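I opened a new structure today. My notes follow.

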Amino acid sequence: MEHDITIKQVTTGKTKPDYNHLSFGKYFTDHMFVMDYNEEDGWFDARITPYEPLLMDPSSLMFHYGQSVFEGLKAYTSKKGGIQLFRPEKNFNRMNISSDRMNIPEVDPDFLVDALKKLLHIDRDWVPVEEGQSLYIRPFIIATEPALSVKPASQYKLMIILSPVGSYYAQSDQMSPVSIYVEDEYVRSVRGLVGFTKTAGNYAASLKVQKKAEELGYDQVLWLDAIEKKYIEEVGSMNIFFKINGEIITPALNGSILDGITRDSVIELLRHWGWNVHERRISIDEVKQAHVDGELEEVFGTGTAAVISPVGRLKWKDEELVINGNQTGPVSYDLYDTISGIQTGAKEDVLGWTVPLQEQET
Ligand code: COI
């Protein structure tokens, strides 16, 4: 796939927000990347334009039947100078996996990494420099064909937008433990459905329970499998890990949970450090029993937005399991320190994960 990218740059940029109060995904940079698809031309008209609202037909298929996919990755100011990305090719490969399931045409991942680098070069002044901050990158594809029949669209729009962000969970600094409500009535997905994809509907379907969790005083929802309501799946905004009696366990990829890139990085790093990491089925009863036995040492979530998020409390039916005295444990700390250190160039990139942006990349 060969494309030229047309660039239309703004002459005066927006006023930047107060970087001390960024929270997550509230502010957007000066530019965005856009590309369209139709059956005749394939992907065409790749362009970087000022960030602006879209004019869309109200009958666009995305609005009605939700045919869409998205990704999330980050750019960091490197302590060694310049800007760097973390495993960007994995995000664009995963976008194609999601697209395949949602019957959306695939896009050349290498072309998208290059397009992203060009966009980042133009908006490089927006990449935060402070500890715990980064530039969140949101690529997404939506079905734009105007039609009301339920069918795969013949027209799409792919966009990449950028947002300077701080930590994802509002109530705490990055390493304060979050609290989690284990849902036992509603389910997130089931094998054969679209739980392994990043498609909008997975997130829309979680909102009612997210609200319930918040009303009960918890930050996030932990989902169980849809058939037995017994085995742990994921949190929705992150994958989940348990440290039980010196071993690390995370639910195996079973077709209904997301193949998280931070999840994969954490597994690789822990194994590199010599830990036993088990990707297997783990039930909520096993977690409860480990807690009773005093063996539930740490629980943490992993995600691009969430990075490493320690879990301090787990609410399951009438019980609340308090983990490590609601304090962040050493493995969570080490993982955060190392992964964020690699991402920001403060630590050696032993596993070859970072991709620097070259100065000349315009
Ligand atoms: C990410 O971690 O990038 C995600 O897409 C999760 C989303 C809920 C913010």
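Predicted model: local features only at pLDDT ≥ 70, side-chain atom pairs only at ≥ 80, totals over all residues.

I looked up the domains first. The assignment, which is automatic or from a database, gives domain 1 (6-167) and domain 2 (172-343). I noted that the numbering starts from 1 along each chain as its sequence is written. The centres of domain 1 and domain 2, taken over C-alpha atoms, are 27 Å apart. I counted contact as heavy atoms within 4.5 Å. Domain 1 puts 23 residues into the contact, and domain 2 puts in 25.

Then I checked the buried area, meaning the accessible area (1.4 Å probe) that two parts lose on being put together, summed over both. Between domain 1 and domain 2 it is about 2,000 Å². Carbon and sulfur atoms give 57% of that area.

What crosses the interface of domain 1 and domain 2 by the salt-bridge rule? I found two salt bridges there. The rule asks for a side-chain nitrogen of Lys or Arg within 4 Å of a carboxyl oxygen of Asp or Glu. I also looked at the pair Glu268 and Arg87, a salt bridge with its closest N and O atoms 3.5 Å apart.

I counted polar contacts too. These are pairs of N or O atoms within 3.5 Å; within protein, one must be able to donate a hydrogen and the other to accept it, and residues adjacent in sequence count only if both atoms are side-chain atoms.

Which elements supply the side of domain 1 that touches domain 2? Strand 4 (68-70), strand 5 (73-77), strand 6 (83-86) and helix 2 (88-101) each give at least two residues. Helix 2 has the largest share, six residues. I took helices (H or I, at least four residues) and strands (E, at least two) as DSSP runs, numbered from the N terminus.

I stayed with helix 2 for one more pair. Glu71 forms a salt bridge with Arg94, the closest N and O atoms being 2.8 Å apart. Glu71 sits in the loop between strand 4 and strand 5, Arg94 in helix 2, and 23 residues separate them. By the same rule I get 20 salt bridges as the count.

Last, the ligand. I listed residues with a heavy atom within 4 Å of it. Among them are Phe70, Gly72, Tyr136, Arg138 and Tyr168. Lys198 has a polar side-chain atom 2.9 Å from a ligand oxygen atom. Backbone atoms take part as well: a polar one of Thr304 is 3.4 Å from an oxygen atom of the ligand, and a polar one of Ala305 is 2.8 Å from an oxygen atom of the ligand.

Note on methods
Heavy atoms only, no water.
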